[in-house]
Number of protein chains: 2
Amino acid sequence: MVNARVYAAMARPLVGHLDPYFLEILEQVQQDLRTVFGTANPVTLPISGTGSAGMETCFANLVEDGDEVVVVAAGVFGTRMCEVATRLGARVEKVDVEWGRIVEPADVEAAIGRCRKPRIVAVVHAETSTGAWQPLRELSRIAHEADALFLVDCVTSLGGCHVGIDELAIDAAYSGTQKCLSCPPGLSPVTMSARALEVVRNRKTKPRSWYFDLGLIGAYFGSQRLYHHTAPISMVYALAEALTVVLEEGLEHRYRRHERNHHALLAGLAALGVQAAAQEGHRLWMLNSVHVPEGIDEAALRRRLLLDHGIEIGAGLGPMAGKVWRIGLMGESSRPANVRRVLLALESELRREGRRPPAGEAIAAADRVYAERD
Amino acid sequence: MVNARVYAAMARPLVGHLDPYFLEILEQVQQDLRTVFGTANPVTLPISGTGSAGMETCFANLVEDGDEVVVVAAGVFGTRMCEVATRLGARVEKVDVEWGRIVEPADVEAAIGRCRKPRIVAVVHAETSTGAWQPLRELSRIAHEADALFLVDCVTSLGGCHVGIDELAIDAAYSGTQKCLSCPPGLSPVTMSARALEVVRNRKTKPRSWYFDLGLIGAYFGSQRLYHHTAPISMVYALAEALTVVLEEGLEHRYRRHERNHHALLAGLAALGVQAAAQEGHRLWMLNSVHVPEGIDEAALRRRLLLDHGIEIGAGLGPMAGKVWRIGLMGESSRPANVRRVLLALESELRREGRRPPAGEAIAAADRVYAERD
């Protein structure tokens, strides 16, 4: 769900990408992104593409042929990092993690041990494909002990929970607009530390990608305002308004809201006999992966939820395909009314499949969580 | 200028990128893009980035390390092609052309002669930086005689003049949404012929870019609907409506409108003592580059046009910096009211600079063109 104010902002009349009015908005977007990322990094800006464009931007600028990169692959997006980095010439040292679980820091240390001198240790903060989040503080320490840059995918976490780029000494991070920032998809916020920028500056070769070259993009965002490519004006209008909405709510309030709705949803689902799939203690607030109850045609039920109830939930991916559902509660969508709506819809569909959950118990269980956490 | 219907479409509520409703819209966008491009190519789709993303998509998919590419560099965007292709591993054979003039076919033949076996001959159809367009038919013949693919940048031409992908045997082309399609920037329509796709299929290495990998993107647009990256839903809504507006007007009518307003503008400017800068007989209809009159502070005058008259015109770029203005008349903006508005504004600003153009003569000259071409 997207706030009506964001839709209205997006439909405002276009101006040129060098128009003083637009440049003011761009400045404000950068400032607000710094606040949400928790960073003072001057290079904090929206890349003109969706979340994966941010991933490609980070690797294209930081990696040169033959560089070693340690990637924690605990889901679709960690696996994608390996593919993106390899194509850009990196030698990837992959740390395989069972989907839905968190990485063992010792496994990352072992992977670093197999490298001569890794340039990057990369991890996905909140894996949308599995519903688990990875412990950043420990990984940051390990990366920096190896004198590597620490790169984090914050696509699903940014705006829904604390990210803390500076506090956790994250050197490079990217996100997307369409998750917990509740803005339409189309931009990818990226931030880079001074340390990461030094690596970019000291490259021996130009980045393989011209479109995602941060040196060139930075010259447009910087005081020179050098033309690189035409910024997607309407999307920037939308992001500016979405960030205003986020900061008006207040970051802490927003994070608590995500946490509370997550617990209410899981309590309600448990009453329906539907159990969380990700590792306990490490479950995302914004993306709830749950086991499909035995004997249910999960695709058919998902389709009925969409067509008969107007609720879209995600399918399982990779090794979790057919086994889990992924229920998003992100940004504007993370609200008690939606928790109740999905619980009622699931209860009715499970009854249709011959299950007999105790009537009204799901909503009651969710309400108990809301009462406790008031 | 963007049609109000396009803004309204862009602000419609989001659905998921695999929602059947969205997939229908995507299908319609592909169909309408084929009509505007003049092609039956199945792979005709909007890339999730602005125009330069389309350029990078074409080169990233068609070029492998060491491939030879002949590029006609007659302005900013031809020069950018050289840079993009080089970074992706191509050996570029550049054909330098004086900015504002058209290429000599013999020079392209000579460049091909310096290659072992060029994979691509690439050219910008309508150079926004200079206001001249290049002769495609002759270049297509030369490219195919050398058994190379013919790649064309249609960023500024698509929707404003005939492009004719199939008729001219163009193998790969890209465009942008924000020029003559009159849609906000954010997507890059791309089309590839069967011949180009065969080159993609026979690659020995994967494209350097994962985000722009047409094999993966095509699997989402194709019947499999495989997830690659989240499509920028709102931008696709906008493009769908913009294409509907274009096709409701009718392509031929739209092209004649661009041609007519161009001639009216040039006639009016001549009455103000402002002369066209691009080679005669090869001047773009949608982007009019004109010589800055002797002794005028061009940047100051441009700024007054923007701030006092609400009219943005472009500065000269590269060797034309400080010497020309670039006046766009693209899509929705190409209309007699805008021609008159810019003539009146320029007349008033030139008077302020002490020039004495005959009063009312600019509008009268434009009106004579309209009367002749009615």
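Trainee: How do helix 10 and helix 12 of chain A lie relative to each other?
Mentor: Helix 10 of chain A and helix 12 of chain A are roughly parallel, a label for angles under 35 degrees, with over 145 called roughly antiparallel, 65 to 115 roughly perpendicular and the rest oblique. Helix 10 (residues 251-271) and helix 12 (residues 336-352) of chain A pack at about 15°, their axes 10 Å apart. Axes here are lines fitted to C-alpha atoms, for helices over the stretch in contact, and angles run from 0 to 180 degrees between N-to-C directions. Helices (H or I, at least four residues) and strands (E, at least two) are DSSP runs numbered from the N terminus.

Trainee: And before I go on, what kind of model is this?
Mentor: This is a predicted model, where local features need pLDDT of at least 70 and side-chain atom pairs count only at pLDDT 80 or more, while totals for chains, interfaces and linings use all residues. Residues are numbered from 1 along each chain as its sequence is written, and chains are lettered from A and ligands numbered from 1 in the order in which they are written.

Trainee: Back to that helix pair: which residues meet?
Mentor: From helix 10 of chain A, Asn261(A), Ala264(A), Leu265(A) and Gly268(A) meet Pro336(A), Val339(A) and Leu343(A) in helix 12 of chain A. Contact means C-beta atoms, placed from the backbone, within 7 Å. The contact of helix 10 of chain A with helix 12 of chain A has five nonpolar, two polar and no charged residues. Ala, Val, Leu, Ile, Met, Phe, Trp, Tyr, Cys and Pro count as nonpolar, Asp, Glu, Lys and Arg as charged, and the others, Gly among them, as polar.

Trainee: Over in chain B, how do helix 2 and helix 9 cross?
Mentor: The axes of helix 2 (residues 20-37) and helix 9 (residues 233-249) of chain B come within 9 Å and cross at roughly 45°. That makes helix 2 of chain B oblique to helix 9 of chain B. Their contact includes Phe22(B) and Ile25(B) of helix 2 and Ile233(B) and Val236(B) of helix 9 of chain B. By class, the contact of helix 2 with helix 9 of chain B has 14 nonpolar, two polar and one charged residues.

Trainee: New topic, sheets. What's the strand order in the chain A one?
Mentor: The order is 1-9-8-7-4-2-3 in an open sheet of seven strands with mixed pairing; strands pair if DSSP finds at least two bridges between them. Strand 1 (44-47) and strand 3 (91-96) of chain A are the edge strands, each pairing on one side only.

Trainee: How do strand 7 and strand 8 run?
Mentor: Strand 7 (residues 149-153) and strand 8 (residues 172-174) of chain A run parallel, joined by three bridges. Asp153(A) stands opposite Tyr174(A) in strand 8 of chain A.

Definitions and conventions. Two residues are in contact if their C-beta atoms, placed from the backbone, lie within 7 Å.
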